[in-house]
Amino acid sequence: MGSTYEARSLEGGNLKGSSKEVKHGRTAHNMSSSSLRKKSELVLVSKLRNGMLRQFLTNLQEVLLGTKLAILFPAVPLAIIAQIYHFGRPWVFALSLLALTPLAERISFLTEQITYFTGSTIGGLLNATCGNATELIIALFALSQGKIEVVKYSLLGSILSNLLLVLGTSLFCGGIANLKKEQKYDRKQADVNSALLLLALLCHMLPLMFRYAAGNTLPAKTQTLALSRASSIVMLLAYIAYLVFQLKTHREFFEAQEEEEDAEGEADEGAVIGFPSATAWLIGMTAIVALLSEYVVGTIEDAAESWGISVSFISIILLPIVGNAAEHAGAIIFAFKNKLDITLGVALGSATQIAMFVVPMSVLVAWIMGTKMDLDFNLLETGSLLIAVLMTAFTLQDGTSHYLKGLVLLLCYIVISACFFVMKTPLHHPNILNTGIGSSQGAAMAA
């Protein structure tokens with residue numbers, strides 16, 4: 001099927017009339033990323049007589065030039081060159097972080113292309129797995145190097161960024177752009193994601209409260225670790241139930257906005273590359289993301305020292321903003337168009353996926369590696385997560401939106417960012433990792 005389609009796509013430039021079943025494999029993440037894509041002109045490529053060369057150049061053009069972020073692709077070879085020739089490590093970090101932005105968007109694009117050929121269920125599972133591939137890969141490399149704090153900070157930052165920065169900016173900009181229109185969204189999807197986020201919050205708070213209640217003893221630390229691993233298993237089971245809920249039993253909760261897109265004639269017209277090509281490109285780009293993620297993890301401390309800011313600020317604030325810039329921009333664009341269901345699907349969907357899948361998976365992978373990672377994110381970090389989840393849940397409770405709701409969420413993110421900016425937490429200080437005090441107290445003692 002893939003080869004047949006590729007021949008047709010080379011002749012016509014696109015394939016229209018995808019079935020409704022295939023389109024149902026798309027998620028809000030795909031639709032958000034598609035807002036940053038552009039059609040490639042295949043006039044010159046289509047004139048080539050060699051079929052294999054024409055096919056290769058067509059795929060190359062669609063993958064590398066089919067996005068408005070193509071201007072950032074030169075950062076990929078520059079980061080590799082900077083690492084090979086031992087340029088300043090802060091340069092390696094900055095270039096690698098910048099290069100991850102277009103790669104994350106292209107992984108979403110390639111996942112969507114594969115979805116057209118696999119059907120809605122397998123496509124939905126693929127989207128659920130690859131939706132936050134960058135965060136997961138960075139977490140795995142950080143775990144392999146024993147940098148548990150970087151894992152915790154980066155994953156916490158991704159949740160905070162989606163709930164406060166992305167959602168807040170989207171609601172604010174959408175409210176300003178649609179002052180004379182009533183902005184509404186379907187509460188069903190928001191309620192499901194809010195409930196899962198509250199469950200994730202509980203699983204984060206229990207180890208913290210248990211540590212304070214049990215005291216700073218070795219048995220208490222062992223029990224906290226065991227509680228975190230058990231909670232991670234529960235969270236993964238809840239995430240599996242969420243996938244069944246989303247893809248099978250209550251699919252209509254997550255398709256209303258997509259059907260509206262189809263009715264307006266703005267939906268994606270179909271796949272532009274074939275299944276074998278999309279799979280090969282996906283594997284290749286995932287390998288590049290893995291390489292750049294290793295660079296990011298290995299140079300983050302040097303970058304923090306060189307720039308005079310803390311590792312916590314870089315991990316919690318900078319990494320999520322730059323790494324998911326494409327997806328975030330798409331969410332804001334749809335908010336401008338008064339299509340908040342897609343915006344909520346991106347922001348809440350990403351936060352839920354990280355909280356209920358990436359975080360517990362990191363704990364279990366660390367367990368397999370023999371690394372003692374738990375769900376105790378310390379007092380300040382867990383408190384920030386608590387405020388973010390509660391603020392989001394209260395903001396979305398009535399099914400309507402206006403710019404003031406977005407402004408409040410955005411201001412919350414700014415205050416939290418300022419807090420982590422002024423907090424100079426040593427990454428490996430023993431008072432933070434091995435005692436019962438919170439991270440802010442440990443930083444004060446270190447000073």
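Predicted model: local features only at pLDDT ≥ 70, side-chain atom pairs only at ≥ 80, totals over all residues.
Is R106 buried or exposed? R106 counts as buried, at 0% relative accessibility.

**Salt bridges**

- R106 pairs with E105, their side chains meeting in a salt bridge with an N to O distance of 2.8 Å.
- E105 is also buried, with a relative accessible area of 1%.
- K147 and E301 form another salt bridge, in which the closest N and O atoms are 3.0 Å apart.
- This pair links distant parts of the chain, 154 residues apart: K147 is in the loop between α9 (133–144) and α10, and E301 is in helix α14 (residues 275–307).
- K147 counts as buried at 8% relative accessibility, whereas E301 is partly exposed, with a relative accessible area of 28%.
- D398 forms a salt bridge with K405, and the closest N and O atoms are 2.7 Å apart.
- D398 counts as partly exposed at 42% relative accessibility, while K405 counts as buried at 15%.

**Helices α10 and α15**

- Helix α10 (residues 148–177) packs against helix α15 (residues 311–323) at an angle of about 50°, and their axes are 8 Å apart.
- That angle makes α10 oblique to α15.
- The crossing of the two helices is right-handed.
- On the α10 side, the contact includes V150, Y153, L156 and L160; on the α15 side, V311, I316, L319 and P320 are among the residues involved.
- The residues of this contact divide into ten nonpolar, six polar and no charged.

**Asparagines with positive phi**

- Most residues other than glycine have a negative phi.
- N338 has a positive phi, near 65°.
- N338 is found in the loop between α16 (325–336) and α17 (340–369), and is partly exposed, with a relative accessible area of 21%.
- N378 is not a glycine either, yet has a positive phi of about 75°.
- N378 lies in the loop between α17 and α18 (379–395), where N378 counts as buried at 11% relative accessibility.

- A70 is found in the loop between α5 (51–65) and α6 (75–84).
- A70 is buried, with a relative accessible area of 17%.
- Not counting residues up to four places away in sequence, A70 touches L64 and L65.
- A70 and R106 are 36 residues apart in sequence, and 9.8 Å apart in space from C-alpha to C-alpha.

Methods
Residues numbered from 1 in each chain as written. Heavy atoms only, no water. Helix = DSSP H or I, 4+ residues; strand = E, 2+ residues; numbered from the N terminus. Buried < 20%, exposed > 50% of the residue type's maximum accessible area, 1.4 Å probe, protein only. Contact = heavy atoms within 4.5 Å. Axes fitted to C-alpha atoms, helices over the stretch in contact; angles between N-to-C directions. Parallel < 35°, antiparallel > 145°, perpendicular 65-115°, else oblique. Left-handed = near helix turned anticlockwise from the far one by under 90°. Nonpolar A, V, L, I, M, F, W, Y, C, P; charged D, E, K, R; others polar. Salt bridge = Lys/Arg side-chain N within 4 Å of Asp/Glu carboxyl O.
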